[in-house]
Every structure is written in structure tokens, then in C-alpha cells.
Amino acid sequence: MSMAKTVIIEENGGPEVLKLVDRPVGDPGTGEVRIRQHACGLNFIDVYQRTGLYKLALPHALGMEAAGVIEAVGEGVTHVRPGDRVAYASAPPGAYAQARVMPATQVCPLPDDISFETGAAMMLQGMTVEYLFHRTVPLKSGDTVLFHAAAGGVGLIACQWARALGITLIATAGTDEKCALALEHGAAHAINYRTDDFAARVRDLTDGRGVDVVMDSVGRDTFQGSIDSLRPVGMMISFGNASGPVPPVDLAVLAGKGSLQITRPTLFTHIADHARCQDMARRLCDMVVSGKVKVQIGARMPLDQVAEAHRQLEARATTGATVLIP
Ligand code: NDP
């Protein structure tokens with residue numbers, strides 16, 4: 001049995017609870033694969049799991065996304081073979097590691113023209129954009145979407161995806177530099193929501209109508225403004241809580257604001273089904289291979305600097321994706 005450097009937490013807390021330890025990596029059981037990982041993705045969900053906002057039974061390894069090469073497959077695994085290049089976004093956490101054994105269901109083939117770093121940077125954030133734009137609400141060319149934190153990992157992919165579909169994406173971000181980055185990646189407009197009242201700006205930009213859809217992963221700080229930015233019968237997609245969880249919602253508010261719709265989706269519902277997950281990954285790979293989406297890796301850090309990577313993500317100091325090299 002070989003050993004692999006793996007990041008674990010034994011308690012919830014700040015970045016200092018992240019520990020790099022040697023862990024044994026065994027052989028894959030039925031339905032499992034063993035992967036030698038070349039790059040691991042950093043995601044905001046890792047922060048929620050580290051702090052305890054999303055509960056894990058402790059101690060637990062951390063990380064939800066990586067890319068590498070299949071070393072061995074267990075019984076019943078047919079869609080990947082030893083030697084295949086693969087990438088995944090998947091539970092259970094444990095992706096911050098040199099190697100691991102994990103369920104094969106959400107492990108996806110990685111085309112030769114996508115690097116391991118890009119694979120590790122794109123799977124969780126890119127499949128999220130895939131389901132937001134294709135599986136959550138019917139969206140068509142010409143529709144208008146308000147997208148918060150548009151210079152982040154999910155955000156920069158969303159800007160490019162919207163451009164490819166002919167969707168008018170109004171971006172928000174926390175600095176003028178981040179707004180410029182969102183515009184470069186395909187946003188039609190960008191609002192600095194730390195200096196401007198974004199809901200008022202959205203009304204101006206839409207001639208008073210409001211947007212068809214809001215995609216809000218910031219949560220507590222933006223929720224009310226997001227609701228105020230929608231047209232009647234518009235759809236509020238609340239899919240994250242970077243600023244803190246959204247307080248309970250009074251449904252009557254949705255009536256008063258014009259029969260609004262609301263949903264709180266998660267990637268893990270969408271990828272639970274093997275075939276659907278593989279479809280989502282294929283569409284993402286097509287977008288990347290075709291050049292319609294260029295995955296922006298804002299920072300690359302060795303795995304042993306994972307605590308610093310978490311600090312930067314939480315401090316809003318990152319743009320695009322961060323990858324950890326094991
Ligand atoms: P990002 O790279 O987008 O980083 C988060 C960004 O949120 C920050 O850079 C910052 O951008 C913004 N932000 C606003 N307020 C705060 C705050 N108080 N503290 C920290 N950040 C803040 O992260 P990811 O791309 O990994 O994820 C984006 C969001 O999408 C997260 O909320 C994540 O949980 C969610 N998500 C949800 C999924 C789902 O299926 N439900 C799947 C994947 C991601 P700025 O400075 O511009 O405000």
C-alpha cells in the first residue's frame with residue numbers, strides 16, 4: 001500500500017486547521033477507482049466545509065475536485081481504464097491529495113487537449129455554470145442575467161458561457177479591476193457592488209424592467225438587492241453563501257415583488273446521476289476545447305500552501321480559479 005500526502009481537518013475553524021498528513025492509499029473496491037492526481041481545484045465549498053457551515057464527520061479529508069491519471073479500477077467500472085486522463089468534481093471530500101481511492105461515478109474522461117491544471121480548475125465551477133445555464137431555468141439568446149461575484153472562479157466561466165449563448169450578462173464584482181476582468185470575459189455590463197447600488201443600476205440598464213434571472217452565490221449581502229433586480233415572474237437562483245447564509249425568506253415578498261420564482265440548487269443533485277454527470281462534463285469539455293470558454297487560473301500553489309490559498313479566497317483576493325499542485 002502506498003502513501004499519499006493528503007489535507008485533512010480534525011476540527012472546524014480557520015485556515016490553520018488544515019493539516020497535510022501522509023495517508024495510506026489502498027486498492028479500489030467495487031465501483032471505485034484509484035487516481036494519481038496532478039492538480040487539485042480550490043472551491044468556496046471547501047471553506048464552508050472547513051468552517052463547519054456545511055457539516056462533515058471529523059476528522060475528514062478536504063477538497064472536491066482534481067485531475068490526474070487512473071492507476072487502478074475496481075470491479076464494475078467500465079467508463080475509465082488504467083492510464084486514462086480524468087478529472088472530477090465529486091463528494092466525498094478528499095481531493096486535496098497526491099492520490100486517492102474514490103467512487104468512479106463522477107470521474108470523467110479528460111480530453112488530451114485540456115491540461116491537468118485546467119481540468120482541476122474547471123470541473124466543479126464549470127459544471128455549475130453548465131447546470132445554471134442549461135438545467136435550472138429555460139434561458140435563450142437575448143435574455144438578461146444578473147451574475148454576482150463575476151470575476152471569481154464560477155463567475156469568469158459564466159461570463160464566457162453567457163457570451164457564447166447570446167445572453168446579456170450583467171456582472172457584479174467587488175473592485176473596479178474585477179469588473180474590468182468580467183467585461184473582458186464577456187459580461188455586457190459590470191457593476192462594482194461595493195461602491196454602487198447594484199439593484200438601482202440594474203433598473204437603469206434594463207430600462208426599468210429588471211433582469212430575467214439572477215444567479216446569486218454571495219448570499220446574505222446581495223439577496224435583497226437581487227430580489228429587487230428581477231422583472232415580474234423572474235427567477236432568483238440562490239446558489240451560494242460567500243458572504244453568509246441567506247436568512248429565512250418570507251414567501252409573501254415574492255408575491256409583492258411580482259410573482260417571483262426562487263430556487264436553491266446544488267451541483268451535487270445534478271451530478272448524482274452518472275449519465276447526466278458525464279453529459280455535463282462533455283458539454284463543459286466541448287466549451288473549453290472549442291475555445292468558447294478559457295479557464296482562468298488566477299493562482300497556482302503547492303499543496304502544502306493550502307491554508308494560504310484558503311485565506312486568499314476568503315479575503316476576496318483571488319480572481320478566476322486557484323489550483324493546488326500536490
Ligand atoms: P469565487 O472565486 O467566486 O470566490 C468567492 C467570491 O465571492 C469572492 O472572490 C468575492 O468576489 C465574492 N464575495 C462577496 N462577498 C464575499 C465575502 N463576504 N467573503 C468572501 N467572498 C465574497 O468562488 P467559487 O468560484 O469557488 O464559488 C463562487 C460561489 O459559488 C460560492 O459562493 C460557492 O459556494 C458557489 N457555488 C455553488 C455551487 C452550487 O452548486 N450551489 C457550486 C459551485 C460554487 P468580489 O470581491 O468580487 O465580491
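Predicted model: local features only at pLDDT ≥ 70, side-chain atom pairs only at ≥ 80, totals over all residues.
Which residues form a nonpolar patch on the surface? The patch is made up of V249, L251 and I262, which together present about 250 Å² of accessible area. Patches comprise residues with over 30% relative accessible area and no salt bridge, like charges being joined within 9 Å and nonpolar side chains (Val, Leu, Ile, Met, Phe, Trp, Tyr) within 5 Å. Residues are numbered from 1 along each chain as its sequence is written, and side-chain values use heavy atoms, with hydrogens and water left out.

Helices (H or I, at least four residues) and strands (E, at least two) are DSSP runs numbered from the N terminus. L251 counts as exposed because its relative accessibility is 60%; the classes are buried (under 20% relative accessible area), exposed (over 50%) and partly exposed (in between), with a 1.4 Å probe and protein chains only.

The largest pocket has a volume of about 940 Å³. A pocket is defined on a 1 Å grid over the protein atoms alone, as an open set of points with protein on both sides within 12 Å along at least five of seven lines; a 1.4 Å probe is used, and lining residues have an atom within 4 Å of a point. Grid points are joined across faces, edges and corners, and the volume is the space filled by probe spheres set on the points. The lining of the largest pocket consists of 44 residues, and those nearest its centre are F44, Y48, A149, S217 and A242. Two or more lining residues are given by each of α1 (44–51), α2 (116–134), α3 (153–165), α8 (267–270), α10 (306–314) and β16 (321–325). Helix α2 provides the largest share, four residues.

Backbone geometry was examined next. Most residues other than glycine have a negative phi, and most peptide bonds are trans. The peptide bond from L58 to P59 is cis, with omega near -5°, and P59 is placed in the loop between α1 and β4 (60–61). A cis peptide bond also joins A91 to P92, with omega near 0°; P92 is located in the loop between β6 (85–89) and β7 (99–103). The loop between β6 and β7 also contains Q98, which counts as partly exposed because its relative accessibility is 27%. Q98 and A199 are separated by 101 residues in sequence and by 45 Å in space, C-alpha to C-alpha.

Positive phi values occur at S259, where phi is near 50°, and at R316, where phi is about 65°; neither residue is a glycine. S259 lies in the loop between α7 and β14 (261–263), while R316 occupies the loop between α10 and β16. With 38% relative accessibility, R316 counts as partly exposed.

The structure holds 16 salt bridges, each being a side-chain nitrogen of Lys or Arg within 4 Å of a carboxyl oxygen of Asp or Glu. One of them pairs D22 with K5, the closest N and O atoms being 3.0 Å apart. This pair links distant parts of the chain, 17 residues apart, with D22 in strand β2 (residues 19–25) and K5 in strand β1 (residues 2–9). D22 is partly exposed, with a relative accessible area of 45%, and K5 is likewise partly exposed, at 34%.

In the salt bridge between R135 and E130, the closest N and O atoms are 2.7 Å apart. R135 is partly exposed at 28% relative accessibility, whereas E130 is buried at 0%. K140 forms a salt bridge with D143, for which the closest N and O atoms are 3.0 Å apart. Here K140 counts as exposed at 55% relative accessibility, while D143 is buried, with a relative accessible area of 8%. A network of salt bridges links D27, R34, R36 and E71.

Terms used. Areas by Shrake-Rupley, 256 points an atom, 1.4 Å probe, with all protein chains shown as cover.
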